[in-house]
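The exercises below go through one structure step by step, and each task is followed by a worked solution. Please keep the sequence and the model in view while reading.

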Amino acid sequence: MLDLAGQRWNYPGNLEQAVRDEFEISLTRFYQIVNRLIDTREALEYSPTVVNRLRRLRTRRH
């Protein structure tokens, strides 16, 4: 999920289709899971660049 969330998407529909194809869940559910995931130590160890970028984006939105 982190790999997919960390990619840059030009069009939101492309990401939504990729999430449905890969995980068979909605984009909303995907983001809920990713938001919880980026708070874990394991995710930070797996992909620190992606996790830190997603954390910054989340902070800006709130």
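**Exercise 1. Find how exposed Asp-39 is, and what its side chain meets.**

Asp-39 has a relative accessible area of 47%, which makes it partly exposed, a class that lies between buried (under 20%) and exposed (over 50%), with a 1.4 Å probe and protein chains only. This is a predicted model, in which local features need pLDDT of at least 70 and side-chain atom pairs count only at pLDDT 80 or more, while totals for chains, interfaces and linings use all residues. Residues are numbered from 1 along each chain as its sequence is written, and side-chain values use heavy atoms, with hydrogens and water left out.

The next step is the partner: the side chain of Asp-39 meets that of Arg-58 in a salt bridge, at 2.8 Å from N to O. A salt bridge here is a side-chain nitrogen of Lys or Arg within 4 Å of a carboxyl oxygen of Asp or Glu. The pair links distant parts of the chain, 19 residues apart, with Asp-39 in the loop between helix H3 (27–37) and helix H4 (41–46) and Arg-58 in helix H5 (residues 48–61). Helices are DSSP runs (H or I, at least four residues), numbered from the N terminus.

**Exercise 2. Identify which residues touch the most other members of the largest nonpolar core.**

A nonpolar core is a set of buried Ala, Val, Leu, Ile, Met, Phe, Trp, Tyr and Cys residues joined through side-chain atoms within 4.5 Å. The largest one has 15 residues, of which Leu-2, Leu-4, Val-19, Phe-30, Val-34, Ile-38 and Leu-54 touch the most other members. Helix H1 (2–6), H2, H3 and H5 each supply at least two residues of this core.

Leaving aside neighbours within four places in sequence, Leu-4 has contacts (heavy atoms within 4.5 Å) that include Trp-9, Val-19 and Phe-30.
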